[in-house]
Amino acid sequence: MGRIMIINGSPRAPKSNSKKYAELFMRYCPVPAEYFAITPQNHESLCEKVDAFTDILLVFPLYADGIPVPLLNFLKTMEKTPPKQKPRISVLINCGFFEPEQNNIAVKMIELFCRQQGYPFGSVLKIGSGEAILNTPFKFFATQKLKRLAISISQGRNEQLKVTMPISKKMFVRASTAYWNDYGKRNDVTPEEMATMEIEQP
Ligand SMILES: Cc1cc2nc3c(=O)[nH]c(=O)nc-3n(C[C@H](O)[C@H](O)[C@H](O)COP(=O)(O)O)c2cc1C
């Protein structure tokens, strides 16, 4: 029977959407799965554990159209300290924008890593509107796909899955703009201020 090592590569792993997706995945997973979050200190110890698993599921957000830095650094450590048996690597990625296709480049980055390092590549679930979907009545659409991903990985299949909210882009932009404007208002920040780089300054 397979055994899945779930690795969260979000920079805010303890409070991340990726963690929520990983938890839902585990709820539906028919084979044993264990959850780990990447920290700057635990790369080596995670690499030592890999041999106990048949599969790795990398769960992470899209950051600037690519993979987040904690995951990139972890992959560098995996290059230096590879396991004896290379497990199949699957991907569960979520992004803030509406279109699941926004995640394509980041998935290709992982595929390239697998090809260069000799890991079999497994299944993929690309989630669009990933920041929002779990807090809407459309959560069901995401959980259905998470269930399918879990079955797909447990059966050793290579499936490409995607999901987003079943609304128009126009509705998504309208709803997300209202959400962020309200969020800014609650924190005394105007839409104009949010549109500048100064928003990052202390
Ligand atoms: C620095 C930063 C860069 C981001 N870049 C993108 C991006 O290029 N495209 C996108 O759709 N979402 C982007 N997002 C949104 C995240 O992918 C989204 O909020 C995701 O749900 C975060 O997941 P996490 O909580 O697991 O970290 C970005 C978020 C941050 C903070």
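Contact here means heavy atoms within 4.5 Å. All views show a predicted model.

**View 1. Helix α1 and what covers its buried residues.** Helix α1 spans residues 17-28, twelve in total. From first C-alpha to last, α1 reaches 17 Å, close to the 16 Å expected at 1.5 Å a residue. N17, S18, Y21, A22, L24 and F25 are buried in α1. These residues sit on the same side of α1, because they cover an arc of only 165° around the axis. Residues three or four places apart in an α-helix point the same way, because there are 3.6 residues a turn. The cover over the buried residues of α1 includes β1 (4-8), β2 (33-37), β3 (55-61), β4 (88-94), β5 (121-127) and α5 (139-154).

**View 2. The aromatic pair F36 and F53.** The whole structure holds eight aromatic pairs. In this one, the ring centres are 6.3 Å apart and the planes stand at 90°, so F36 and F53 are edge-to-face. F36 belongs to strand β2, F53 to the loop between α2 (43-49) and β3; the pair therefore ties together parts 17 residues apart in sequence. F36 and F53 are both buried.

**View 3. The aromatic pair F98 and F172.** This pair is tilted, at 5.2 Å centre to centre and 45° between the planes. F98 lies in the loop between β4 and α4 (104-117), F172 in helix α6 (residues 169-186), so the pair links parts 74 residues apart in sequence. Both F98 and F172 are buried.

**View 4. An aromatic cluster of F138, F140 and F141.** These three residues form one cluster.

**View 5. K86 over the ring of Y119.** The charged end of K86 lies 5.2 Å from the centre of the Y119 ring.

How values were computed. Residues are numbered from 1 along each chain as its sequence is written. This is a predicted model: local features need pLDDT of at least 70, side-chain atom pairs count only at pLDDT 80 or more; totals for chains, interfaces and linings use all residues. Side-chain values use heavy atoms; hydrogens and water are left out. Helices (H or I, at least four residues) and strands (E, at least two) are DSSP runs, numbered from the N terminus. The expected span of a helix is 1.5 Å times one less than its number of residues. Buried means under 20% relative accessible area, exposed over 50%, partly exposed in between (1.4 Å probe, protein chains only). The arc is that of the directions from the helix axis to the C-beta atoms. Rings of Phe, Tyr and Trp (its six-membered ring) pair if their centres lie within 6.5 Å; planes under 30 degrees apart count as stacked, over 60 as edge-to-face and the rest as tilted. A charge sits over a ring if NZ of Lys or CZ of Arg is within 6 Å of the ring centre and within 35 degrees of the ring normal.
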